[in-house]
Amino acid sequence: AQDGPEWKWIVRGELNWMLAAGGDEAGDPRLDPPIPEDEILQETLEQTINNGFGVALGAEYLATKHLGVELAVLVGNFDGKFHIFKDGLFEEPTTDIQFTSATLGLNYHFTPARRVDYYLGLFFTYYDYEDQTIRFPGHGITLNWKFQEDTGWGWRGGLDWAFKEESPWVLAVGVRHYRGALDVHPVMITVGLGRRF
């Protein structure tokens, strides 16, 4: 019992600045009706996924003083664009691409007995990007931009800073980096509030 942590659980609610580190090849965009290749140059079609914001809620069980098991859910929106230039007409509508993920991972706490507790961890994730339908009225074309649900992994780092000594309330600051089959590989910078039990 003396080797166990003072707190067995910590619940964190976080705001996330979602950085899309890539995304130009993500998803499966298809034009309806399709444009024949001999009528349009490849460089006149371009897709991008840009930064966004989200929220996360996680619960971590401290199995030992240093090792915790964390389950978290994150929901947010990336800014998506797809532009077309054909016959002298340029169109670039934007859309919100909803991102949802569930993660399960292990965190190692370097300073569990101190007011500022630093930790690093690895996680497994199941994630999904919301399919999009984008219309280009000037060209009479609809884009169906589809994404597949997938699994991946990532790493997590952060710190829990207690508002005062022995306080169960902490300022939670951290970063997550996702790796998976899609080209986005987002980085999440997080800040929020935690409660230890």
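Tutor: The model is a predicted one. His177 belongs to strand 11, which spans residues 169-180. Its relative accessibility is 14%, and because buried means under 20%, His177 counts as buried.

Beyond the neighbours within four places in sequence, His177 is in contact with Phe123, Trp153, Gly154, Trp155, His185, Pro186 and Val187.

His185, another of the residues in contact with His177, sits in the loop between strand 11 and strand 12 (187-196). His185 is likewise buried, since its relative accessible area is 15%. The backbone of His185 has a positive phi of about 45 degrees, although the residue is not a glycine. Most residues other than glycine have a negative phi, and most peptide bonds are trans.

Glu166, in the loop between strand 10 (150-162) and strand 11, has a positive phi near 70 degrees and is not a glycine. Whereas His185 is buried, Glu166 counts as exposed because its relative accessibility is 55%. The other site concerns the peptide bond: Asp32 and Pro33 are joined by a cis peptide bond, with omega about -5 degrees. Pro33 lies in the loop between strand 2 (28-32) and strand 3 (45-62).

Terms used:
Residues numbered from 1 in each chain as written. Predicted model: local features only at pLDDT ≥ 70, side-chain atom pairs only at ≥ 80, totals over all residues. Heavy atoms only, no water. Helix = DSSP H or I, 4+ residues; strand = E, 2+ residues; numbered from the N terminus. Buried < 20%, exposed > 50% of the residue type's maximum accessible area, 1.4 Å probe, protein only. Contact = heavy atoms within 4.5 Å.
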